[in-house]
Amino acid sequence: RQSPRRITWAPSSARPGVASEGAMVKLLFSGIYTQPSGGGDPILLTSSSQLSSFGYFQRGSMLEMCTFFGRQFSKAAQPGTRSSIKHEDYLCHVYSTPHGVNALTFSDHEYPARVAFGYLAQLVDDFIKAAGAQIPAQPSEGCMNAAFKARHDEMLLKFQDPAEADQLTSIMRQLDETKLILHETIETAIERGQKLDTLIEKSNELSGSSKMFYRTARKQNQCCKLM
């Protein structure tokens, strides 16, 4: 098994949000999806990622995989619940909110789940206040990035430090009232009866290179250490 990739955040004199080698990235990706209705797939309204710990040529595939799996987990989420999907050294935390959207983030196993859900609750709260009224009746992929991505990027970078949880006391109390579900495997988190490999191969969302990336990692029993 490969050791976790490590990075350090660039000093203040460097471009904000740029990473270099040293300390570990805790949150890789977060997204806000519409809640599915009428059997349709959730739409990704806004997303942010920190994938600097992966090789340059892997980042595009990793972003596609995060977006794809995020959509599957959002589609299967039960309204009014929090859920965590575990795979090796990573987890995906999903918060199905009462506001008609689902928020999720991919993290390494060391990042406290309670803080991850606090981050998602704060993210949704900021999103609803800043852009909630602007969501179109028929949203399209990434349609809220123009209104919210700058704030989204800022929050994902800020919450790489779990100490940010100190500022989330009231939100944490609200989260305690929602049901928490833990999935030990990806298969238990996606729609019942779906096989992961089949879902990957049939996907129109993933490029050929991303499917090859998945198959190669699966064959090596690494599966990106995430999927």
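Let's start with a pair of helices: α2 (residues 113-131) and α3 (residues 145-158) pack at an angle of about 155°, and their axes are 10 Å apart. This is a predicted model, in which local features need pLDDT of at least 70 and side-chain atom pairs count only at pLDDT 80 or more, while totals for chains, interfaces and linings use all residues. Residues are numbered from 1 along each chain as its sequence is written, and side-chain values use heavy atoms, leaving out hydrogens and water.

**The helix pair**

- Two packed helices are described by the angle between their axes and the distance between the axes.
- Axes here are lines fitted to C-alpha atoms, for helices over the stretch in contact, and angles run from 0 to 180 degrees between N-to-C directions.
- α2 and α3 are therefore roughly antiparallel to each other (the word is used for angles over 145 degrees).
- α2 passes α3 in a right-handed crossing, meaning that the near helix is turned clockwise from the far one by less than a right angle.
- On the α2 side, the contact (heavy atoms within 4.5 Å) is made by Tyr119, Gln122, Leu123, Asp126, Phe127, Ala130 and Ala131.
- On the α3 side, Ala147, Phe148, Arg151, His152, Met155 and Leu156 take part.
- Sorted by class, this contact has 9 nonpolar, 2 polar and 2 charged residues (Ala, Val, Leu, Ile, Met, Phe, Trp, Tyr, Cys and Pro count as nonpolar, Asp, Glu, Lys and Arg as charged, and the others, Gly among them, as polar).

- Strand β5 (residues 81-87) contains Ser83.
- Ser83 counts as buried because its relative accessibility is 7% (buried means under 20% relative accessible area, with a 1.4 Å probe and protein chains only).
- In β5, 6 of the 7 residues are buried, so the strand is largely enclosed by the rest of the structure.
- β5 pairs with strand β6 (residues 90-96) in the antiparallel sense over 6 bridges (pairing needs at least two bridges found by DSSP).
- Across this pairing, Arg82 stands opposite Tyr95 in β6.
- Ser83 and Tyr95 are 12 residues apart in sequence, and their C-alpha atoms are 6.6 Å apart in space.
- The hairpin of β5 and β6 has 2 residues between the strands, and Glu88 takes a positive phi near 50° there.

**The whole chain**

- The protein chain has 6 helices and 8 strands (DSSP runs of H or I with at least four residues for helices, and of E with at least two for strands).
- Along the sequence, the pattern is β-β-β-β-α-β-β-β-α-α-α-β-α-α.
- Of the 227 residues in the protein chain, 47% are buried.

Conventions:
Angles under 35 degrees count as roughly parallel, over 145 as roughly antiparallel, 65 to 115 as roughly perpendicular and the rest as oblique. Buried means under 20% relative accessible area, exposed over 50%, partly exposed in between (1.4 Å probe, protein chains only).
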